[in-house]
Amino acid sequence: MLKPTYAITPLPPAVELETVAVLRAAARAHRYLAELKGRAGAIPNQGILIDTLSLQEARASSEIENIVTTQDELFQATLFSEAPDGGPGKEVALYRDALKRGFDRLVEAKGLLTNNIIIEIFQVLKRTQGEFRATPGTALRNAVTGETVYVPPQDRDTIIAQMTALERFVNDEAVSDLDPLIKMALIHHQFESIHPFPDGNGRIGRIFNVLYLTKVGLLDSPILYLSRYITTHKAEYYRLLQQVRDEGAWEPWLLYMLRAVAETSIQTLELVQGVGALMADYKHRLREEHGKFYSQDLLNNLFRHPYTRIEFLQKELGVVRQTAAKYLDDLAASGLLEKRSQGRSNYYVNRPLLALLRRVSGG
């Protein structure tokens, strides 16, 4: 028997949200998020963080949906177009592509986070031209028992109306003067409750989170590693989502999301600081050992692509294939990279960067 549909109403809910406990948790989350934003700004090329850390976010977010991949599978999928289509590495890479597309569109829209952007994220993630759900029958079930735990809106017109109201709440500051981190938690719950797409709602909702943080200026780029916290506390995440629907228990949900922001800001800060230290070390060694061809673009390439190949250097440094191959082989000979092969292709691994990602991110 289906549960009654949760009565979704426009945000914000008519309850006290900014309790003492919530405001205290929000202050802590803001402190660590601001530190992350400042430290990330010290990295000379923000594309390095967007490319490298968005893949880590993609991997963690996909793991929540039981799409599990190792760091090696993940980077292999970004290197070779012949990687297995539909495999876990490709699925995670699609998430990365969807996140980056959303960020690019957000910048183009001058900070407006619209439903058209959310739909485009879905289309990239699922490789489809589809839009919001048009067919009834969607129900969310317990993965273990198969029991129906929640029935989202079924009618397409209702979904569109609710997503339009959510779009206004996201973009119209006159609607609410709540703390933006509290708003992010409300937006995430509302999106997951509307469940507007036939598939991929969880991953799209997590992309929505980090894009909203960039929209309101709490981050300059979408690098917050939020999904790892949700992966680690997955049962609590789903329990609190449903508890709001069943009991109107907003405070526990808000506290959970604020803890997620604080803890993953600390973790992402460790990654950013580690990347910065490694880049400084590599810059010194490149100048000392490879001064004839050292450039900032070369350094950026080695950290934008933990696994790189000749074609990447050709494109980003504007050199011919023979020159790119010589650079990479020389770097491998001096121990800055490790040369590996797949079939008849070579690729080169930044092992210290990979070790950092494994230590902080797992896998």
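Helices α11 and α12 cross in a right-handed way. Their contact involves 9 nonpolar residues, 2 polar ones and 1 charged one. This is a predicted model, so a word on confidence follows further down.

Let's stay with the helix pair for a moment. Two packed helices are described by the angle between their axes and the distance between those axes. Here, α11 (residues 250-289) packs against α12 (residues 296-304) at about 135°, and the axes lie 10 Å apart. Who touches whom? On the α11 side the contact uses V275, L278, M279, Y282, K283 and L286, and on the α12 side Q296, L298, L299, N300, L302 and F303.

Now for the sheet. Strands of a sheet pair through backbone hydrogen bonds, either parallel or antiparallel. This one is open, has 3 strands in the order β3-β5-β4, and pairs in the antiparallel sense. β3 and β4 sit at the edges, each pairing on one side only. Between β4 and β5 there are 5 bridges, and K339 has Y348 of β5 as its bridge partner.

| Strand | Residues |
|---|---|
| β3 | 307-308 |
| β4 | 338-342 |
| β5 | 345-349 |

As for confidence, the protein chain has a mean pLDDT of 88, with 88% of its residues at 70 or more. Among its elements, helix α3 (residues 71-79) has the lowest mean pLDDT, 64, while helix α7 (residues 180-194) has the highest, 97.

Methods:
Residues are numbered from 1 along each chain as its sequence is written. This is a predicted model: local features need pLDDT of at least 70, side-chain atom pairs count only at pLDDT 80 or more; totals for chains, interfaces and linings use all residues. Side-chain values use heavy atoms; hydrogens and water are left out. pLDDT is the predictor's confidence in each residue, from 0 to 100. Helices (H or I, at least four residues) and strands (E, at least two) are DSSP runs, numbered from the N terminus. Two strands pair if DSSP finds at least two bridges between them. Axes are lines fitted to C-alpha atoms, for helices over the stretch in contact, and angles run from 0 to 180 degrees between N-to-C directions. A crossing is left-handed if the near helix is turned anticlockwise from the far one by less than a right angle, and right-handed if clockwise. Contact means heavy atoms within 4.5 Å. Ala, Val, Leu, Ile, Met, Phe, Trp, Tyr, Cys and Pro count as nonpolar, Asp, Glu, Lys and Arg as charged, and the others, Gly among them, as polar.
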